[in-house]
Amino acid sequence: MPQPKPMGLSIHYRRYALTMLFLVYMLNFVDRQIVNILAEPIKRELGLADWQLGSLTGLSFAIFYATLALPIARWAERANRVRIVALSAITWSLFTTICGVAQTFAQLFLARVGVGVGEAGCTPASQSLISDYTTRERRASALAFFSMGIPAGTLVGMVVGGLIADSLGWRASFALVGVPGIILGLLAYFTLPEPRKSFAASEVQAAPSLREALAELGSKRTYIWLTVAMAAMSFGIYSNLAFQSSHFLRNHAEGLGTLAVRLNDLTGIRLGATGFLGTVLGLIVGICGAAGTWLGGWSTDRGVRSSLNAYATIPAAAALCMPFALFATYTASNTVAALCLMGLPMMLQSIYYGPIFAAVQSLVRPRTRATATAIFLFFANLIGLGLGPLSVGLISDLLAPSMGSGDAIRWALISTSLVYVLAAAAFMAARKSIRQDIVS
């Protein structure tokens, strides 16, 4: 199907636009994931159970994030997508700062809901913009670069959140990380290009109605199976990210303290357990996650030159290895070994970003892309982000009376990692029809 191509945008301006969207997405995940490293201090001060921590890191955010993404995406099919992305960034950043003044579980829950409301407009509009900035041959790499905002944002959130929490407390962490998003949102609003303005009039297609868009998506078996795969991957990833710091603080507290003291002796840098863990986990998630994201996009762009099946085969192989990698990590008794082993699952779980987002953008017509992403993420976030951390918290609470809090969180994380097998099966099912379904 012929596609409209941006006119009047230099390669440098397009690179600037991709970089700006990457930075916005990075701050999206800073504000989304910072609560994970702050979970234990919040739990102690507010007297929360693990299921409440799970709802703060997942359900509170996912409720409105998932439900508002579709109407905002429909708006993005017709309106200025740049303004939607910019206003979304400003909104979620304001609510992140509000988290720092919450005095009760209910207040913090509602503030996290506000973060989800703001972030609902970011991904569908951003991915639609990127698909207009690039050709299909470079789409997986471009979307992988955008998706590197996930590990980069997690790195910054874990490191900065942990360091600020060590010195100023968890409330200051929320307050301080919200400010950059407001500034970046304003910068994006005034400087990012909207490619639709440069399309030739003959190339502009009318946005289909919601009924037409749903009919188009429902006719794609590949899209349905990729949605299942995305939901399963999100369930495993968000479950792991929400409680990995709790696992280490409960099962490796002594080892973390020893390593923090050694760091102080060698460098003079004085960190508490939370600050040290946040820094190390942030670096592991950021570096290994970025490497996996780049590897997934690069290998897929090379693979699709000979077979479109690469969109599904590459992430399926990575997903199948995940339960084994997580089992080895969470059963390691040595703190250094456990931290080193964490790098492998962090890389494997990031490989699928470029392939799956590029495939979804290629399955539909240009004016249906934001809607396709929104529906795709609706199920991924409602099931994965909403239920994943909550499920781990519930399993941990059930096991804690007989096993203790440390072993309870360990086996809750290991048991939920089996969901990656379902993800691998869904990717392979999508492989069967992807060549027939790709249109743009």
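In this predicted model, the lining of the largest pocket consists of nine nonpolar, four polar and seven charged residues.

**The largest pocket**
- The largest pocket holds about 610 Å³ of space.
- Its lining is made up of 20 residues, and those closest to the centre of the pocket are Leu-18, Thr-134, Arg-138, Ser-141 and Ala-142.
- At least two lining residues come from each of the helices α1, α7 (139–147) and α13 (273–303).

**The nonpolar core**
- The largest nonpolar core comprises 133 residues, and Ile-42, Leu-226, Leu-339 and Phe-376 have the most contacts inside it.
- Beyond its neighbours within four places in sequence, Ile-42 touches Val-35, Gly-47, Leu-48, Leu-56, Leu-108, Trp-170 and Phe-174.

**Helix α9**
- Helix α9 covers residues 170–191; at 1.5 Å a residue its 22 residues should span 32 Å, which agrees with the 34 Å between its end C-alpha atoms.
- Among the buried residues of α9 are Trp-170, Phe-174, Val-177 and Leu-184.
- The elements that cover the buried residues of α9 include α1 (11–37), α2 (39–46), α4 (81–99) and α8 (149–168).

**Thr-293**
- Thr-293 lies in helix α13.
- Thr-293 counts as buried because its relative accessibility is 0%, and the cut-off for buried is under 20%.
- Leaving out neighbours within four places in sequence, the contacts of Thr-293 are Ala-144, Ser-147, Met-148, Pro-151, Ser-350 and Tyr-353.

Notes:
Residues are numbered from 1 along each chain as its sequence is written. This is a predicted model: local features need pLDDT of at least 70, side-chain atom pairs count only at pLDDT 80 or more; totals for chains, interfaces and linings use all residues. Side-chain values use heavy atoms; hydrogens and water are left out. Helices (H or I, at least four residues) and strands (E, at least two) are DSSP runs, numbered from the N terminus. The expected span of a helix is 1.5 Å times one less than its number of residues. Buried means under 20% relative accessible area, exposed over 50%, partly exposed in between (1.4 Å probe, protein chains only). Contact means heavy atoms within 4.5 Å. On a 1 Å grid over the protein atoms alone, a cavity is a set of points where a 1.4 Å probe fits but cannot get out, and a pocket is an open set with protein on both sides within 12 Å along at least five of seven lines; lining residues have an atom within 4 Å of a point. Grid points are joined across faces, edges and corners, and a volume is the space filled by probe spheres set on the points. Ala, Val, Leu, Ile, Met, Phe, Trp, Tyr, Cys and Pro count as nonpolar, Asp, Glu, Lys and Arg as charged, and the others, Gly among them, as polar. A nonpolar core is a set of buried Ala, Val, Leu, Ile, Met, Phe, Trp, Tyr and Cys residues joined through side-chain atoms within 4.5 Å.
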